[in-house]
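I opened this entry to record what I looked up in the structure. My notes follow in the order in which I took them.

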Amino acid sequence: MPIARPKIRAPMWVRLALVEVGCVALGFLHAPSALADDLTLSDAIRLAHEYNEDSEIADKRVEVAEGQVETARAAFLPTLTLGASAQADAREDGRGRNITGSSSLTLRQPLLKPSAIPAYRASKVSLDAAKANGSEDQRAVAFDTSRAFVKAVAADSVVRASQG
């Protein structure tokens with residue numbers, strides 16, 4: 001009695017990836033021909049970057065990280081504090097005034113603030129990470145757009161071939 005061999009099937013994502021690679025190969029054969037009123041792949045990617053909300057979100061994350069760097073850097077800068085107070089009294093003082101006031105102006109410059117150094121370094125690392133994630137988001141948008149474009153070109157080729 002022969003030994004039954006188990007069927008080896010690739011996972012679904014592997015099969016889909018192979019189909020997409022095939023579509024990419026077929027699509028790039030027809031990619032110079034335009035799709036939908038002369039839309040090229042580079043135009044589709046440019047439009048995706050322009051109108052995709054993920055690109056805008058990535059830009060905003062970089063802006064937030066830059067703000068965090070500025071906030072952390074502020075711990076090393078001097079601070080100027082101005083304070084004032086006034087007091088009204090029903091009795092007059094020796095000069096005939098009912099209101100007395102005082103004010104203070106304080107300037108502080110930290111010479112060394114060791115507790116702020118880790119926060120500043122962490123904010124710089126967060127900025128670098130936000131920039132890296134932004135470029136990764138841009139790459140993902142370009143890849144997804146390319147994949148959709150190639151599938152559309154392949155589908156358009158199939159339709160044209162079926163029409164004659």
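I began with a term I needed for the helix entries: helices are DSSP runs of H or I with at least four residues, numbered from the N terminus. I noted that this is a predicted model.

I then checked how open the two residues are. Glu70 counts as partly exposed at 46% relative accessibility, and Arg73 counts as partly exposed at 31%.

Lys60 and Glu63 both lie in helix α3, which covers residues 53–73, and they are three residues apart, about one turn of the helix. The salt bridge between their side chains is listed at 4.0 Å, N to O. I wrote down the cut-off here, since the value sits at it: the nitrogen has to be within 4 Å of the carboxyl oxygen. Glu63 is partly exposed, with 47% relative accessibility.

**Overall layout**

I stepped back to the whole protein. I listed four helices and two strands. Read from the N terminus on, the order of the elements is α-α-α-β-β-α. The protein has 164 residues, and 16% of them count as buried.

How many salt bridges does the count come to? I got seven. One of those I looked up is between the side chains of Asp156 and Arg160, at 3.2 Å from N to O. Asp156 and Arg160 are four residues apart in helix α4, so about one helical turn separates them. Asp156 is partly exposed, with a relative accessible area of 22%.

**Nonpolar cores**

Which residues make up the largest nonpolar core? I listed six: Leu41, Ala44, Ile45, Ala142, Phe149 and Val153. Helices α2 (41–51) and α4 each supply at least two residues of this core. I also noted a second, separate core of five residues, among them Val62, Ala65, Val69 and Leu127.

Leaving out residues up to four places away in sequence, Ala44 touches Leu39, Thr145 and Phe149.

Thr145 came up in that list, so I looked it up from its own side. Thr145 is in helix α4, residues 116–163. Is Thr145 buried or exposed? I recorded it as buried, because its relative accessibility is 15% and buried means under 20%. With residues up to four places away in sequence not counted, Thr145 touches Ala44, Ile45 and Ala48.

**Aromatic pair**

I searched the whole structure for aromatic pairs and found one. The pair is Phe76 with Tyr120, edge-to-face, with 5.9 Å centre to centre and 90° between the planes. This pair links distant parts of the chain: Phe76 is in the loop between α3 and β1, Tyr120 is in helix α4, and they are 44 residues apart. Phe76 is partly exposed at 29% relative accessible area, and Tyr120 is partly exposed at 23%.

**Nonpolar surface patch**

My last entry concerns the surface. I found a nonpolar patch formed by Leu80, Leu82, Leu105 and Leu107, which together have about 500 Å² of accessible area. The elements that give two or more residues to the patch are β1 (79–88) and β2 (99–108). Leu80 is found in strand β1. Leu80 is exposed, because its relative accessible area is 61% and the limit for exposed is over 50%.

Terms used: Residues numbered from 1 in each chain as written. Predicted model: local features only at pLDDT ≥ 70, side-chain atom pairs only at ≥ 80, totals over all residues. Heavy atoms only, no water. Patch = residues over 30% accessible without salt bridge, like charges linked within 9 Å, V, L, I, M, F, W, Y side chains within 5 Å. Areas by Shrake-Rupley, 256 points an atom, 1.4 Å probe, with all protein chains shown as cover. Buried < 20%, exposed > 50% of the residue type's maximum accessible area, 1.4 Å probe, protein only. Contact = heavy atoms within 4.5 Å. Phe/Tyr/Trp six-rings, centres within 6.5 Å; stacked < 30°, edge-to-face > 60°. Core = buried A, V, L, I, M, F, W, Y, C linked by side-chain atoms within 4.5 Å.
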